[in-house]
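Please open the model in a viewer and keep the sequence panel at hand.

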Amino acid sequence: MKTFANFSIKILSLLFLITLITVSSCKKDKDIEKVQKNASLIGEWSNVQQIGKFTSIVRSINLKSDGTGISQIYRYVSTSSTAIADDKIKWSTKSNNVLQLDYEIELVETYTYKIGRDEAFNDTVLTLTDENGTEIDYLKAK
């Protein structure tokens, strides 16, 4: 009888341990925020701002499907260009159309975004709005 009691205690202990592991592993899954990537954002997006008769600022964001990308800013004067910024980024989206860009230089930018059509260019437009309400429109490269 003593052997049966020891065996029962071991079985109950094992069942308790299995239940404990199962419950604690499920809790961890709920605590981890899933990183999302909106597929419609994947690709190269460009914005050109004319700041003088012969000078333009070109911003481009290349968002890859693996969550990485490149953000570049160039200044064009007549026929020459100067790189102002050329940074590797990681990107993700969250609910409510929020885009987050994490730069290698330890800078994080957060935007709300919307995707639409520009009838004048007959192209897809990505509008990014920063925390101050400033909007920048990017055209999708073909």
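Predicted model: local features only at pLDDT ≥ 70, side-chain atom pairs only at ≥ 80, totals over all residues.

## The barrel

Begin with the strands: 8 of them close into a barrel, in the order E1-E2-E3-E4-E5-E6-E7-E8, with antiparallel pairing. Neighbouring strands of this sheet are turned by 35° against each other on average, direction ignored.

Next, colour the chain by secondary structure. The chain comes to 1 helix and 8 strands, and from the N terminus on its elements run α-β-β-β-β-β-β-β-β.

## Strand E1 and its partners

Select E1, residues 43-50, together with E2, residues 55-63; the two strands pair in the antiparallel sense over 8 bridges. A hairpin of 4 residues joins E1 to E2. Within this pairing, Gln50 stands opposite Ser56 in E2.

E1 and E8 pair in the antiparallel sense over 2 bridges, and Ser46 stands opposite Leu139 in E8.

Which strand pairs with E8 over 5 bridges? Select residues 123-129 to find strand E7, whose pairing with E8 is antiparallel. Here Leu128 stands opposite Ile136 in E8.

## The largest pocket

The largest pocket has a volume of about 290 Å³. Its lining consists of 19 residues, and those to select for its centre are Ile73, Tyr103, Glu109, Tyr111 and Tyr138, which lie nearest to it.

Which strands each supply at least two residues of this lining? They are E2, E3, E4, E5, E6 and E8. Coloured by residue class, the lining of the largest pocket divides into 11 nonpolar, 4 polar and 4 charged residues.

## An aromatic pair

Select Tyr74 and Tyr76 and show their side chains. For rings with centres within 6.5 Å of each other, the count comes to 1 aromatic pair. The ring centres of Tyr74 and Tyr76 are 6.3 Å apart and their planes stand at 35°, so the pair is tilted. The tilted class applies because planes under 30 degrees apart would count as stacked and those over 60 as edge-to-face.

Are these two residues buried, exposed or partly exposed? Tyr74 is partly exposed, with a relative accessible area of 22%. Tyr76 is likewise partly exposed, with a relative accessible area of 35%.

## Two loop residues with positive phi

Move on to Ser78, found in the loop between strand E3 (68-77) and strand E4 (80-94). Its phi is near 55°, a positive value in a residue other than glycine. Ser78 counts as exposed because its relative accessibility is 54%, the cut-off for exposed being over 50%.

Where is Glu106 placed? The residue is in the loop between strand E5 (98-103) and strand E6 (108-118). Phi of Glu106 is near 65°, again a positive value in a residue other than glycine. With 77% relative accessibility, Glu106 counts as exposed.

Terms used
Residues numbered from 1 in each chain as written. Heavy atoms only, no water. Phe/Tyr/Trp six-rings, centres within 6.5 Å; stacked < 30°, edge-to-face > 60°. Buried < 20%, exposed > 50% of the residue type's maximum accessible area, 1.4 Å probe, protein only. Pairing = 2+ DSSP bridges. Axes fitted to C-alpha atoms, helices over the stretch in contact; angles between N-to-C directions. 1 Å grid on protein atoms, 1.4 Å probe; cavity = no way out; pocket = protein on both sides within 12 Å on 5 of 7 lines; lining within 4 Å. Points joined across faces, edges and corners; volume = space filled by probe spheres on them. Nonpolar A, V, L, I, M, F, W, Y, C, P; charged D, E, K, R; others polar.
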